[in-house]
Amino acid sequence: MVVDRSSMRGLALTASLANSIRKLGYEFEWIKDASDFDKADKLLFPGVGAFGQATNSLKASGLGEHLLRYIASGRPYFGICIGLQVLFASSTESEGATGLNVIPFPITKFKTSEPNGQRKSVPHMGWNRSWRAWKPEAQDAQLMREEDDYYFVHSYAAILPPNMDESNPVADFTYTLARYGSEAFISSVKRGNVFGTQFHPEKSGPAGLDLLRRWLEASPESLSAPPTAHTPPLRLSDPSSTPRSGTGLTSRIVACLDVRSNDSGDLVVTKGDQYDVREKDSDRGVRNLGKPVELARRYYKDGADEVCFLNITSFRSSALLDQPMLEVVRAAAETVFVPLTIGGGIKDTVDPDGTARSALEVAGAYFRSGADKVSIGSEAVIAVEEMLEREKRGEPALTGKTGIETISKGYGSQAVVVSIDPRRVYVDTSSPDWIESVPEAHRPCLVIGDKSTTRTASEEKGKAWWYQCTISGGRAVKDIDVIQLAQGVERLGAGEVLLNSIDRDGTGKGFDLDLINLVRGAVGIPVVASSGAGSADDFVEVFRETGVEAALAAGIFHRGEVGLDEVKISVEKAGQAVRRCDLEV
């Protein structure tokens, strides 16, 4: 078997796919030149990134013609994400770029609002369920199970018009459909030897591994069988008797691991209240809650939808010379088949020997080790501050040189998470004109305690506050508020916001719903709620009251105070969809 890696931006995902294939007991070879196509019994084309970059790369290298000849030969082809999209005719993501036109249909962008006016976050990021577009025939090989959730992360898709019928050529290729809000899109294609998924099976846990196993185990002859006749009608809506409400995505539960070296130099997972990670006894040693890779594996088995590593130790200042976090990600990616995020030290740096390292270079090293996203913190605050200053001077806002911009351009916006650490700034409300004491620029994120939606509302009566952003783990404040920062990083190209709360961290008082609702209403990208969870009910509350896409916790999971399964059971009982899997692969 030969795996095509001609798309540069697919390098991050090829590491994950390679781990999945090895996990299933198979070996493979990479395509190195055109002659390798003739050696392939089966071909996989994984990747992420822009449609134009991928298709132009195929054409410039000459590999596109060889790929088309391979597909025409009848041998099995499996395209993942961009490997699926290049089969289509075109994409609105890249004007003028043309695909292989195996499937004569365009790729288009998801709408950011629903017919009822409700806002919809783009990228479409998270776990979603598919259904068979046609009634299965008895002899039809089943590669996917309709009861499973798979991991999606994309802004563009083969979105079907509501009135489409079987006469459209794309109908012959449509295998499964999924829904994002009111829009139905193709989640997988299958016709003859051609198979492809918009989702990432290598990041879809046991369900994704099971799909890969079925395709790998199947004989080339069975995968290349002529297409069976479809039984109309094309099922554009979920035929399930209990279709999911809302966007269709599950509520994601994220396990976060703060990683640093202890006083002996060993890497440990730690956690503290308001960022103090040392024990409270006399020797003040770093709090040790376990080994990072072991904990990540445990959370994967317990059902975590994502795992986030935050590097909070000193070696992040020279990320490519000191290798421990790269090794942590590499080792975790070998057995953890859900998305991995790494944060800390993703910035422009200079090694002790004077070698300059760009944020893009550092991020690339983590992607090649198996990470799916990188998280940027303090550097994002500085980048937005500088962007706002340029606008004040009448200069172009974007330079194309910040870490967010370069990584987003190189690997796609979905690969860039910005971690925001705001704290409340309380305002003296004793005078009638107290609001004048709040800088006008920060008034959009002003909260009146009497209107608070959090469980601590009774403690906030008569108070008012706005949210000021911090850097360096909350140790320094900047004159920029949380809305300015969130909207700024979205403009720079971030695909997701990880929203912390210094005030709530380690308190167990629940998520800061006021803060989350402010940010959710200000941006059009997914938001991950963090800080303050003390029980499973806190997750129920944050999903119900804010509609946030994901919620994260650390200490309560590490200390065993709340289990991941307990959280998912509570959220599901409250009417929110969660990912459940009965497979073990």
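**View 1. The side chain of D348 meets the backbone of A359.** The side chain of D348 comes to 2.7 Å from the backbone nitrogen of A359. This is a predicted model, in which local features need pLDDT of at least 70, side-chain atom pairs count only at pLDDT 80 or more, and totals for chains, interfaces and linings use all residues. Residues are numbered from 1 along each chain as its sequence is written, and side-chain values use heavy atoms, with hydrogens and water left out. To find D348, look in the loop between β16 (340–343) and β17 (349–350); strands here are DSSP runs (E, at least two residues) and helices are runs of H or I (at least four), numbered from the N terminus. Leaving aside residues up to four places away in sequence, D348 touches R357, S358 and A359 (contact means heavy atoms within 4.5 Å).

**View 2. Helix α9 is mostly covered.** Here we follow residues 359–369, where 8 of 11 residues are buried (under 20% relative accessible area, with a 1.4 Å probe and protein chains only). Among the buried residues of α9 are A359, V362, Y366 and F367. After α9 comes G370, with a positive phi near 125°.

**View 3. Helices α13 and α14 cross.** The axes of α13 (residues 513–522) and α14 (residues 536–546) come within 10 Å and cross at roughly 40°; axes are lines fitted to C-alpha atoms over the stretch in contact, with angles from 0 to 180 degrees between N-to-C directions. The contact is formed by L513, I516, N517 and R520 of α13 together with E541, V542, E545 and T546 of α14.

Note on methods: Buried means under 20% relative accessible area, exposed over 50%, partly exposed in between (1.4 Å probe, protein chains only). A polar contact is a pair of N or O atoms within 3.5 Å; within protein, one must be able to donate a hydrogen and the other to accept it, and residues adjacent in sequence count only if both atoms are side-chain atoms.
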